[in-house]
Amino acid sequence: MTCWTRQDAQKLHDQPLMDLLFQAQGTHRRHFDPNRVQMSKLLSIKTGGCAEDCAYCSQSARNGSGLPASKLIEVERVLSEARKARAAGATRFCMGAAWREPKPRDMDALVAMIEGVKALGMESCMTLGMLDDDQVIRLRDAGLDYYNHNIDTSERYYPEVITTRSFAERIDTLNRVREADIKLCSGGILGMGEEAQDRIDMLVTLANLPEPPESVPINMLMPQAGTPLADIEPLDPIAFIRVIAVARIMMPRSHVRLSAGRSGMSDEMQAMCFFAGANSIFVGDRLLTAGNPGEDKDMALFERLGIQPMTAECDTAGKAAE
Ligand code: SF4
């Protein structure tokens, strides 16, 4: 495994854009079919009222977004949404709960959700906050394929965005999940007022984990009313595309997901992100609480670009390359 230094990552990031894109596309082609994009569906299984204070998030009870807190939704409702997602071509079903960590009373329902999604022949993913050893084992034994736990930004900038937990706690949970043989989904959010160096450091942290995450979601901040980042200046789209390309080169076997923020991107920008090596998206017109392009719009864009949805079989073939 390559160990990335900040200097090498910076050099990669700072090169002329055309050279960076050319290199990223070459790396992409060595590991994946460049005309296939994996589709995941994200469902909020428990919305709002979160005890954490993530400055970007409308679900934090500490931010003034006014989003009401809901209870954990019923297992059958989750599975009904998973069936719809499968019919629309999604191969992975991601379930997100606005928690600092799951409570013991929630574990049976979470296990039933994973088992139900697996029985539909889909990959399962959850994002539930911090996990202890017993919780990790229960989720793994239920068949959980992926655990999402974003590091969000650099270690340096982290306290500017979140104060109720530390960057080190984030890494601890990632290590615990990896040790249980659950695949990792971990990335970050760009456009939160960070410097380019923070974006590079975030990628260095992810690429230098004992094994890089299999999924790397790169989000463009969608400023949410009532949150501390509601009025932040938008990030230059070219700076965003650079990060996608650098992520592709530094983590060549990972799925780089063009995640939240797509509804604010032009078709041309999304096409450039796919060229830079993004090969996964969330489908459906809602993410956890934010909007997302609908399936019709995505399929029309795929058609224009000659992109096909990635199936489980071609995903495996792509990963076997090189
Ligand atoms: S990002 Fe997650 S942990 Fe942070 S406030 Fe929102 S729901 Fe809670």
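**Exercise 1.** Leaving aside neighbours within four places in sequence, which residues is cysteine 50 in contact with?

*Solution.* Some ground rules: this is a predicted model, where local features need pLDDT of at least 70, side-chain atom pairs count only at pLDDT 80 or more, and totals for chains, interfaces and linings use all residues. Residues are numbered from 1 along each chain as its sequence is written.

Start with the cut-off: contact means that two C-beta atoms, placed from the backbone, lie within 7 Å. Then read off the partners of cysteine 50, which are Gln59, Ser60, Ala61, Ala98, Trp99 and Arg100.

**Exercise 2.** Is cysteine 57 buried or exposed?

*Solution.* First, find the residue: cysteine 57 sits in the loop between S1 and H3. Next, the scale: 20 or more other C-beta atoms within 10 Å of a residue's own (placed from the backbone) makes it buried, 12 or fewer exposed, and in between partly exposed. Cysteine 57 has 25 C-beta neighbours inside 10 Å, so it counts as buried. Cysteine 50 is buried too, because 23 other C-beta atoms lie within 10 Å.

**Exercise 3.** Which residues surround the ligand?

*Solution.* Take residues whose C-beta atom, placed from the backbone, lies within 6 Å of the molecule. That gives Cys50, Glu52, Cys54, Cys57, Gln59, Ser60, Ala98 and Gly129. Now sort them: Ala, Val, Leu, Ile, Met, Phe, Trp, Tyr, Cys and Pro count as nonpolar, Asp, Glu, Lys and Arg as charged, and the others, Gly among them, as polar. The shell splits into 4 nonpolar, 3 polar and 1 charged.

Technical notes. Helices (H or I, at least four residues) and strands (E, at least two) are DSSP runs, numbered from the N terminus.
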